[in-house]
There are 2 protein chains.
Amino acid sequence: MISISIQMGKKEVAVGIDIGGTNTAFGFVDRQGNILAGDTILTNLYDEIEVFIAALYEKILVTGQKAGTELLIKGYGIGAPMGNINKGTIEYAAGLPWKGILPVSDLFHRHTGLPVIVTNDANAAAVGEMMYGGARGMKDFVVITLGTGLGSGFVIDGKLVYGHDGFAGEIGHTAIRPGSSDRECGCGKKGCLETYVSATGLKRTLLKIMADSIQPSVLRKYSFEELDAKIIHDAARQGDPLAVKAFEHTGRMLGFKLADVVAHTNPEAVFLFGGLALAQDLIFEPARKHMEENLLSIYRGKVKLLPSELSTQNAAVLGASSLIWAELEHK
Amino acid sequence: MISISIQMGKKEVAVGIDIGGTNTAFGFVDRQGNILAGDTILTNLYDEIEVFIAALYEKILVTGQKAGTELLIKGYGIGAPMGNINKGTIEYAAGLPWKGILPVSDLFHRHTGLPVIVTNDANAAAVGEMMYGGARGMKDFVVITLGTGLGSGFVIDGKLVYGHDGFAGEIGHTAIRPGSSDRECGCGKKGCLETYVSATGLKRTLLKIMADSIQPSVLRKYSFEELDAKIIHDAARQGDPLAVKAFEHTGRMLGFKLADVVAHTNPEAVFLFGGLALAQDLIFEPARKHMEENLLSIYRGKVKLLPSELSTQNAAVLGASSLIWAELEHK
């Protein structure tokens, strides 16, 4: 096969973009997962999505020109809450400044003819794990992102599962015990997994335990707003009994759901990503125990429960960029 | 393209085999889903799996020779409880006369060099629905088989999901409310979906309702062993309040789980197959209601809940045969 590049000398990169409620980060990422340059803009500075996309695109261009190497951009991968990969939209994302259905891909295409792929953060993280992380060489796995909420991305037979409507992988909004929890979720339902298994869920569980218990705890001096996963983690490491119990309960709830996940698609591994996953054994041990206890015997002892190998800091940008590499590989 | 068949005049067929605890049925099925010939042998007549397979193969040959048309067999598709598609085995199937791991594919290959594919009944039903039934043209759907137990098969992007260990699609053994049900399951766990949502589950729920209620019911004269889904169905159609309640509760439990299924893989449709599905609105209405109530808003009103279009009588054989056609298409 004869093929002559007319762009010799340029470094091929995918732009990975992570749209968050406060900041939007982006980076120029090569096929090996190296971030060659990058920057952020403030998301909530822009009342109009059109203006935001134009400003973001401008900033990407300027940053690219300042990079040491000449870059050849192959496409734009975008991770965002409620990103819909089939339609290239963000739909009804509670945490963003703009309402309704946002045609992000179309708006990007006002500026570029290159591929633009939009999906949710967890799907992007799953593809990132496959391209650059611990899932290299795996064909069937699940990534669960544990941040303020809980996201999930499924890879089956080497491909991200989109679903018929582009919204596969939202196990954060499945119930652990349908109809039997009063814990309100931001989605409007009650008892969703993410009301238990997330940084916020951990705080809520801690408050519940604190209310029921009379044991002293260093955490009793913190308000709900002051508390975060790191404070509870530190307290648990010091042996604070309420903090330890809060992690145990969080891991137990996660383990219940992981048993379900395994029975659905029988993955080789489940990766945990994000702040809560950094608590290591505090979350992995109860999660593994209750997963195994709730598995059908044919699955027991076979499914790996692993920490993500993507660095927390850059994972969203890496994951978003990997959407482009994965797409180009499948063509 | 020039292609000369050296087998002209012969009709291409796949052999579909349904191994059950009592009977094993088989049929010669063409690409359009027509069964050209078929028969059954008694499963539990054979103490040794080797002897059973040899007898089954012999019976298939003899039946094929007696068929009106000359047949060209393209392969053998086998549906069986706990069938493992990756390994070609049946593993620890409680309902069959043979114990442990049965190398069904290898045993078949003592007699034939043609492709042999083994999977569980529900996976076979899912592929059958895609090849011959209501899922023609769909790429993302789920089939749930409701018989003595509950099986499930997932199709994603036009392909059956096998899973890393060959055991994907066992939602019958996920819990509805983990840790909060005492209902024992044949698998050794408690509170599994199939202890509620299956013909047996319906009977168990009816008994529970009968125990709690003082309402008269025509069903109070039946023993547990005498009861079956059809008797309860008939009573419900006559307005028997306990039978109606038993169906409502069964549908409600199914609806809870369907909401989970949707959030995992976002299918276009869920098909219900088997005895319980024949109860139509009695099962579909509560299932649909509770599914919708428990769905994240992005999914609401989008997922079709449909009866299987495969005839109950031949579905297992059709489904098993379709494994071969699907395999040949992907080559």
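I begin in chain A, where A:Asn266 lies in the loop between α6 and β12 (269–273). Helices (H or I, at least four residues) and strands (E, at least two) are DSSP runs, numbered from the N terminus. Phi of A:Asn266 is near 45°, a positive value in a residue other than glycine. A:Asn266 is buried, with 25 other C-beta atoms within 10 Å. By buried I mean that 20 or more other C-beta atoms lie within 10 Å of the residue's own; exposed means 12 or fewer, partly exposed is in between, and the C-beta atoms are placed from the backbone.

Before going further, a word on the model. It is predicted: local features need pLDDT of at least 70, side-chain atom pairs count only at pLDDT 80 or more, and totals for chains, interfaces and linings use all residues. Residues are numbered from 1 along each chain as its sequence is written, while chains are lettered from A and ligands numbered from 1 in the order in which they are written.

A:Asp157 lies in the loop between β10 (150–156) and β11 (159–160) of chain A. A:Asp157 is not a glycine, although its phi is positive, at about 55°.

Let me turn to helix α7 of chain A, residues 281–293. At 1.5 Å a residue, its 13 residues should span 18 Å, and the end C-alpha atoms are 17 Å apart, which agrees. The expected span is 1.5 Å times one less than the number of residues. Which residues of α7(A) are buried? They are A:Leu282, A:Ile283, A:Ala287, A:His290 and A:Met291. Seen down the axis of α7(A), these buried residues fall within an arc of 130°, so they line one face of the helix. The arc is that of the directions from the helix axis to the C-beta atoms. An α-helix has 3.6 residues a turn, so residues three or four places apart point the same way. What covers the buried residues of α7(A) includes α5 (229–237), α6 (241–265) and β13 (304–307) of chain A.

Next, the sheets. Two strands are said to pair if DSSP finds at least two bridges between them. In chain A, strands β1 (residues 11–19) and β4 (residues 71–79) run parallel and are joined by seven bridges; A:Lys11 stands opposite A:Leu71 in β4(A). β4(A) is also joined, by four bridges, to the parallel strand β8 (residues 116–119) of chain A, where the bridge partner of A:Gly77 is A:Ile117.

In chain B, an open sheet of five strands has the order β3-β2-β1-β4-β8, with mixed pairing. β3 (35–42) and β8 (116–119) of chain B stand at the edges, each with a single partner strand, so one side of each is left without a neighbour in the sheet. On average, neighbouring strands of this sheet are turned by 20° against each other, direction ignored. Within it, β1(B) and β2(B) run antiparallel and are joined by six bridges, with B:Ala14 opposite B:Val29 in β2(B). Helix α1 (residues 49–66) of chain B lies across β1, β2, β3 and β4 (71–79) of chain B, running at about 145° to β3(B). Axes here are lines fitted to C-alpha atoms, for helices over the stretch in contact, and angles run from 0 to 180 degrees between N-to-C directions.

Finally, the two chains together. Chain B can be laid on chain A with an RMSD of 0.1 Å by a turn of 180° and a shift of 0.0 Å along the axis. That is the relation of a two-fold axis. The superposition is by least squares on the C-alpha atoms of residues with pLDDT of at least 70 in both copies. Which residue of chain B comes closest to the rotation axis? It is B:Arg177, at 2.2 Å (C-alpha).

The contact takes 39 residues from chain B and 39 residues from chain A; two residues are in contact if their C-beta atoms, placed from the backbone, lie within 7 Å. On the side of chain B that touches chain A, β10 and α6 (241–265) of chain B each supply at least two residues. α6(B) gives the most to that side, with six residues. Of the interface residues of chain B, 100% are also interface residues in chain A, so the copies meet through the same surface.
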